[in-house]
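Welcome! Please take a moment to look over the sequence and the 3D view before reading on.

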Amino acid sequence: MVLDWGSSAEETMPALLRHLGSGYLRWLEYLGQLALLFREVFTSITRGKIRPRLFGQQLVAIGFGSQLVVIVTGAFVGAVFGAQVYFAFNDYGLESSVGAMVSLAMCRELGPAITGLMVAGRVGAAMAAEIGTMRVTEQVDALRALAVHPVDYLVTPRVFGILVSMPLLIAEAISFGMGASYVITVHLFNVPSAFYMQHMLQYTHLPDIAIGMIKGFIFGFLIVIISCHQGLKAENGAVGVGRGTTQAVVLSSLAILIVNFFLTFLLNLIWPLHMSH
């Protein structure tokens with residue numbers, strides 16, 4: 001829709017309102033479609049429609065296949081963050097606190113967020129492309145003809161696979177990020193190892209780790225629902241599959257960043273950050 005800004009204000013304002021209203025309605029319709037897909041997945045799980053072989057395949061594809069990119073990303077993010085914290089704290093004689101800051105940041109924010117974004121880019125795109133290809137080549141219709149529900153066969157195994165994989169991938173990102181920060185801080189900047197480890201263990205508690213795991217579950221579910229939905233609604237051949245794949249990555253990444261903001265406030269109300277032993 002193109003707005004004619006040269007027309008009078010009386011004519012432009014209704015057109016602008018219609019444009020904004022149509023966008024809002026499309027957004028509500030999209031959220032409704034995601035809710036319907038979630039209901040179908042929940043129904044599939046409650047009916048016991050779990051396929052162990054497909055679950056195992058998705059576990060390997062999502063979890064094992066994403067390890068390298070998550071480990072490399074986590075390690076370099078931890079190293080860069082550790083170096084930046086050291087540069088900021090060194091002027092105040094607080095360089096021994098680098099371990100605590102890196103540990104809290106990796107557990108609560110950086111680990112879950114970067115893992116979610118990496119998995120969205122790698123796994124979300126693959127899910128949307130694979131299911132979208134099946135959709136445009138009528139393989140999804142063939143499943144229905146064989147009395148196999150597409151959600152049971154295509155979506156539910158991926159949901160289980162990503163829900164199991166995400167916490168493990170986040171744990172790897174946190175571990176390698178903290179390890180890289182340790183190497184940079186202790187061996188490059190000569191911060192005493194004992195002080196680094198003491199502060200890290202003193203200020204990192206189980207709730208900090210729990211926050212990262214909870215975020216991982218939620219981010220994983222967002223990725224799989226959004227990506228599978230984009231695949232299931234793909235149309236117009238290869239163009240539609242490419243468009244759905246792009247939208248799956250973009251929407252999953254945006255959803256992770258937006259939901260992470262609200263989860264941070266909610267989870268910190270439950271488990272506030274403790275900076276004292």
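Which residues does Ile 162 touch, not counting residues up to four places away in sequence? The answer is Ile 62, Val 119, Met 127, Gly 220, Ile 223 and Val 224. Keep in mind that you are looking at a predicted model. The chain has nine helices and zero strands, and 42% of its 277 residues are buried.

**The chain as a whole**

- Taken along the principal axes, a box of roughly 65 × 60 × 35 Å holds the C-alpha atoms of the chain.
- Take the contacts between residues at least 6 apart in sequence: 84% of them join residues at least 24 apart.

**The largest nonpolar core**

- Here is some background first: in soluble globular proteins, nonpolar side chains tend to be buried together.
- In this model, the largest nonpolar core has 51 residues, and those touching the most other members are Val 119, Leu 154, Val 155 and Ile 162.
- Two or more residues of this core come from each of α1 (9-46), α3 (67-90), α4 (98-136), α5 (139-145), α6 (150-188), α7 (193-203), α8 (206-232) and α9 (237-270).
- The biggest contributor to the core is α6, which gives twelve residues.
- Ile 162, from the opening question, is one of the core members that touch the most others, and Val 119, another of those members, is among the residues that Ile 162 touches.

**The largest pocket**

- The largest pocket holds about 320 Å³ of space.
- It is lined by 15 residues, and the closest to its centre are Leu 31, Leu 34, Leu 222, Ile 226 and Ala 255.
- Helices α1, α8 and α9 each give two or more residues to the lining of this pocket.
- With six residues, α1 supplies the largest share of that lining.
- Sorted by class, the lining of the largest pocket has 15 nonpolar, no polar and no charged residues.

**The second largest pocket**

- About 240 Å³ of space lies in the second largest pocket.
- Among its 13 lining residues, Leu 37, Glu 40, Arg 144, Val 151 and Leu 232 are the closest to the centre.
- Helices α1, α5, α6 and α8 each give two or more residues to this lining.
- The most come from α1, which gives four residues.
- By class, the lining of the second largest pocket is made up of six nonpolar, three polar and four charged residues.

- Which residues of α7 are buried? They are Tyr 196, His 199, Met 200 and Tyr 203.
- Seen down the axis of α7, these buried residues fall within an arc of 100 degrees, so they line one face of the helix.
- The buried residues of α7 pack against α4, α6 and α8.
- Turn to the other side of α7 and you find Ala 194 and Leu 201, which are exposed.

**Two loop residues with positive phi**

- Ala 147 sits in the loop between α5 and α6, and its phi is near 65 degrees, a positive value in a residue other than glycine.
- Is Ala 147 buried or exposed? Ala 147 counts as exposed because its relative accessibility is 74%, and the cut-off for exposed is over 50%.
- Asn 236 lies in the loop between α8 and α9; although Asn 236 is not a glycine, it has a positive phi of about 65 degrees.
- Asn 236 also counts as exposed, at 62% relative accessibility.

- Glu 172 is placed in helix α6, where it touches Gln 67 and Ile 71, not counting residues up to four places away in sequence.
- Glu 172 and Ala 75 are 97 residues apart along the chain, and 9.3 Å separates their C-alpha atoms.
- Leu 257 belongs to helix α9 and is partly exposed, with a relative accessible area of 47%.
- From Leu 257 to Val 72 the separation is 185 residues in sequence and 21 Å in space, C-alpha to C-alpha.

Methods: Residues are numbered from 1 along each chain as its sequence is written. This is a predicted model: local features need pLDDT of at least 70, side-chain atom pairs count only at pLDDT 80 or more; totals for chains, interfaces and linings use all residues. Side-chain values use heavy atoms; hydrogens and water are left out. A nonpolar core is a set of buried Ala, Val, Leu, Ile, Met, Phe, Trp, Tyr and Cys residues joined through side-chain atoms within 4.5 Å. Buried means under 20% relative accessible area, exposed over 50%, partly exposed in between (1.4 Å probe, protein chains only). Contact means heavy atoms within 4.5 Å. On a 1 Å grid over the protein atoms alone, a cavity is a set of points where a 1.4 Å probe fits but cannot get out, and a pocket is an open set with protein on both sides within 12 Å along at least five of seven lines; lining residues have an atom within 4 Å of a point. Grid points are joined across faces, edges and corners, and a volume is the space filled by probe spheres set on the points. Ala, Val, Leu, Ile, Met, Phe, Trp, Tyr, Cys and Pro count as nonpolar, Asp, Glu, Lys and Arg as charged, and the others, Gly among them, as polar. The arc is that of the directions from the helix axis to the C-beta atoms.
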